[in-house]
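Subject: Structure handover and notes on what was found

Dear colleague,

I am passing on the structure that we spoke about, together with some notes to read beside it. Please look at the coordinates before going through the points below.

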Amino acid sequence: MEAALAEARAAAEAGEAPIGAAVVSAGGEILAAAGNAPISTNDPTGHAEIRALRAAAAKLGNYRLTGASLFVTLEPCAMCAGAISHARIARLVIAAQDPKGGAVWHGPRFFGQPTCHWRPEVVEGPFAEESAAMLKDFFRARR
């Protein structure tokens, strides 16, 4: 989670929403880590989770990341939850909940839908307060 938090801080410094993600192999190796970058990349899919999943898949040469864990600083949206399912992530560790845009515990509750073919183990992870505070501070400064 510390790698995801570092990516979130870097995203904030770049003017992006402070959200970070890290993909870790079953053996504990960080395969990839990324922060949010839809603005700087002009890519609406440039969420931290998507960017980290893409990098990990490229590193392994396989779009299925079976056995891997994904650490995220904020509850994933529906788009990211779909990508997590398609990547066959084994365990999803989430720091802060997102009642407005989250799709794991809130909104569509993606992994509970009958059309979802792969469901990771979902864990409420550490650093929820730090992650939430980073987001609140970031958006407060922009209002």
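The expected span of a helix is taken here as 1.5 Å times one less than its number of residues, and helices themselves are DSSP runs of H or I with at least four residues. Please keep in mind throughout that this is a predicted model.

With that definition in hand, helix H3, which covers residues 48-60 and so has 13 residues, reaches 18 Å from its first C-alpha to its last, and this is close to the 18 Å expected. Within H3, the buried residues are Ala48, Glu49, Ile50, Ala52, Leu53, Ala56 and Ala57, and what covers them includes strand S1 (20-24), strand S2 (30-35), strand S3 (69-74) and helix H4 (78-87). Just after H3 comes Gly61, which takes a positive phi of about 70°.

I then turned to charged pairs. Side chains of opposite charge can pair when their charged atoms come close. A search of the whole structure finds 4 salt bridges, and I describe some of them here.

Arg54 lies in helix H3 whereas Asp43 sits in the loop between helix H2 (38-41) and H3, so the pair ties together parts that are 11 residues apart in sequence. Both partners count as partly exposed, Arg54 with a relative accessible area of 48% and Asp43 at 22%; because buried means under 20%, Asp43 at 22% is not in the buried class.

Another salt bridge joins the side chains of Arg9 and Glu130 at 2.6 Å, N to O. This pair links distant parts of the chain, with Arg9 in helix H1 (residues 2-13) and Glu130 in helix H5 (residues 128-141), 121 residues apart. Arg9 is partly exposed, with a relative accessible area of 38%, and Glu130 is likewise partly exposed, with 32%.

Helix H5 also holds a pair of its own, since the side chains of Arg140 and Asp137 meet in a salt bridge at 3.0 Å, N to O, and the two residues, being 3 residues apart in H5, are separated by about one helical turn.

Technical notes: Residues numbered from 1 in each chain as written. Predicted model: local features only at pLDDT ≥ 70, side-chain atom pairs only at ≥ 80, totals over all residues. Heavy atoms only, no water. Buried < 20%, exposed > 50% of the residue type's maximum accessible area, 1.4 Å probe, protein only. Contact = heavy atoms within 4.5 Å.
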